[in-house]
Amino acid sequence: MDIRHHKKWIQIGLNILHYRKEQRLTQEQLADACGETGVSRNYIQRIETAASSCSLDTLIDIAGALNIPLYKLFEFKE
């Protein structure tokens, strides 16, 4: 992850966490809902805490699993 974008990844992770909690999903449930290729619970945790970045494809899968438009993950509160 490029350190220049770390703050943005923190915000994306917090948005994922917010929508996941709002839907009362565990990290495991979200990971399982991310499609056939899926992601691991550990990877969801790393994305939520900005310990790892991810591809746009993964963000599209996460948004789909959360039943939200992709842009919601990029709505940052100042």
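**Exercise 1: Overall fold**

The protein chain of this predicted model contains four helices and zero strands. Determine how the radius of gyration of the protein chain compares with the globule rule.

Solution. Along the sequence, the elements follow the pattern α-α-α-α. The C-alpha atoms occupy a box of roughly 30 × 20 × 20 Å along the principal axes. Of the 78 residues, 33% count as buried.

**Exercise 2: A salt bridge between helices**

Identify the parts of the chain that the pair R20 and E48 links, and state whether each residue is buried or exposed.

Solution. The side chains of R20 and E48 form a salt bridge, with an N to O distance of 2.6 Å. R20 belongs to helix α1 (residues 6-22) and E48 to helix α3 (residues 41-48), so the pair, 28 residues apart, links distant parts of the chain. Buried means under 20% relative accessible area. R20 has 5% and is therefore buried; E48 has 7% and is therefore buried.

**Exercise 3: The remaining pair**

Classify the exposure of K72 and E75.

Solution. The whole structure holds two salt bridges, and one of them joins the side chains of K72 and E75 at 3.8 Å, N to O. K72, at 24%, is partly exposed, and E75, at 37%, is partly exposed.

How values were computed. Residues numbered from 1 in each chain as written. Predicted model: local features only at pLDDT ≥ 70, side-chain atom pairs only at ≥ 80, totals over all residues. Heavy atoms only, no water. Salt bridge = Lys/Arg side-chain N within 4 Å of Asp/Glu carboxyl O. Helix = DSSP H or I, 4+ residues; strand = E, 2+ residues; numbered from the N terminus. Buried < 20%, exposed > 50% of the residue type's maximum accessible area, 1.4 Å probe, protein only. Rg over C-alpha atoms; globule rule 2.2 N^0.38 Å.
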